Amino acid sequence: MSILIKNIKQLIQVHENNITIVKGEAMKTLPVIENAYLYIQDDTIVEFGTMDFCEGIDAETEIDASGKIVLPSWCDSHTHIVYAGNRVPEFVDRINGLSYAEIANRGGGILNSALQLQDTSEDELYEQSMRRLNEIITMGTGAVEIKTGYGLTVEAELKMLKVIRRIKQDTLAKIAPTLLAAHAIPTEFKDNKQDYIDKIINELIPKASALRIAKYIDVFCEDGYFSVEDTEAILKAGKKHKLIPKIHVNQFNILGGVKLGVDYKALSVDHLEELDKKDIEALKCSNTMPVALPACSYFLGIPYTPARKIIDAGLPLAIATDYNPGSTPSGNMNFVVSTACIKLKMTPEEAINAATVNGAYAMGFSNMYGSITRGKKANIIITKPMDSYAQIPYEFAHDPIDTVIINGQVLVK
Ligand code: NIG
Ligand code: FE
């Protein structure tokens, strides 16, 4: 199967040589070929260039992209799309004045989602989660990290991992599975958090590892959840089983989790709505990707991650949705790219770099995803007609996408 996309107004994020991360000042550059073509064979990007060099290329499928922008699919490196039901009543409670913390403290929040998930069969959970995944694929996402964390028992966390495994087998999107059993302290361990941590370390991590169904280990390192010491114990146990850390840190408080993540060679540290100089210094001496989640800040009304401080310090930055039922019931990366520009003051070039190559890096996939490079996977967005790629974030909350190609297959929207 071959596809030729012709007359592309702007082919963006196009790299002759492979690129796996973009940092600091370089994030301001987004390579473009004007009036371009792109040739795909099976699931792979094979050739591209200006239309002057397109003559003589035959393909089974031809797409005319006149007036349109072509770019690599979004790489969403932080989601919790496997969940049951929703938390609409808590949304209304927050509108009426309760805070996220107040709702959690009275047994709502993550614990509410855990009760709903424990009561849902694996098949039903798979159906609900697959619907969410299929929706975000139509919105341009081609690679997704998916976390557990709404099980909070060994059995229910493994059920979540099995659902993620089934999704991974059945979808054309690329999936990264993460074990986030340390997402909240289950009610039955309210007065004995250590017992739950011991269960994660001694039972859950070894079981997940034996089944080979998780690649990453995550902890919600936050006041009222897991301390830096708890986080360290869990990361240590994960590392023994070759699980790579990707952690929730600095959402509400600075506890020192960023430095810990760096020390444990975390692939990413995510949230960072609160960030100090020490955190920036720690990140400078690392290969850890900072990840901002602007749609979470938008939904909860909490501060936005200081992207300018991060990028201006020469660091890389990725952006992701955080799609989950509590803090971000949206998986729309187009909105995340817009919000990164509007609220985090990132340029369109920086936001698109953050949502493609750096997002892929934060999942360990940037060798094969995140740029238009020969040999990389054919996960492609073709936009509606527009003046330039900056119109993608400019027309916030619009749908900029005309066609999606995922793993070399044209998706009918
Ligand atoms: O990333 N902060 C922790 N976890 C999620 C929210 C989970 C929830 O409220 O269900 C987040 O925002
Ligand atoms: Fe999250």
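User: What covers the buried residues of helix 4 in this predicted model?

Analyst: The cover over the buried residues of helix 4 includes helix 3 (110–118), helix 5 (154–170), strand 7 (141–147), strand 8 (174–182), strand 15 (401–406) and strand 16 (409–411). The buried residues themselves are Leu125, Tyr126, Gln128, Ser129, Met130, Arg132, Leu133, Ile136 and Ile137.

User: How do you know that the span of helix 4 is close to the one expected?

Analyst: Helix 4 (residues 122–138) has 17 residues and reaches 24 Å from its first C-alpha to its last, and this is close to the 24 Å expected at 1.5 Å a residue. Gly140, with a positive phi near 105°, follows the helix.

User: Why is Asn358 called buried?

Analyst: Buried requires a relative accessible area under 20%, and Asn358, at 0% relative accessibility, therefore counts as buried. Asn358 lies in helix 14 (residues 357–361), and a polar atom of its side chain lies 2.8 Å from the backbone nitrogen of Val22.

User: Why does the pair His248 and Asp322 tie together parts that are apart in sequence?

Analyst: His248 lies in strand 10 (residues 244–249) and Asp322 in the loop between strand 13 (318–319) and helix 12 (333–342), so the parts that the pair ties together are 74 residues apart in sequence. Both His248 and Asp322 are buried.

Technical notes
Residues are numbered from 1 along each chain as its sequence is written. Chains are lettered from A and ligands numbered from 1 in the order in which they are written. This is a predicted model: local features need pLDDT of at least 70, side-chain atom pairs count only at pLDDT 80 or more; totals for chains, interfaces and linings use all residues. Side-chain values use heavy atoms; hydrogens and water are left out. Helices (H or I, at least four residues) and strands (E, at least two) are DSSP runs, numbered from the N terminus. Buried means under 20% relative accessible area, exposed over 50%, partly exposed in between (1.4 Å probe, protein chains only). A polar contact is a pair of N or O atoms within 3.5 Å; within protein, one must be able to donate a hydrogen and the other to accept it, and residues adjacent in sequence count only if both atoms are side-chain atoms. The expected span of a helix is 1.5 Å times one less than its number of residues. Contact means heavy atoms within 4.5 Å.
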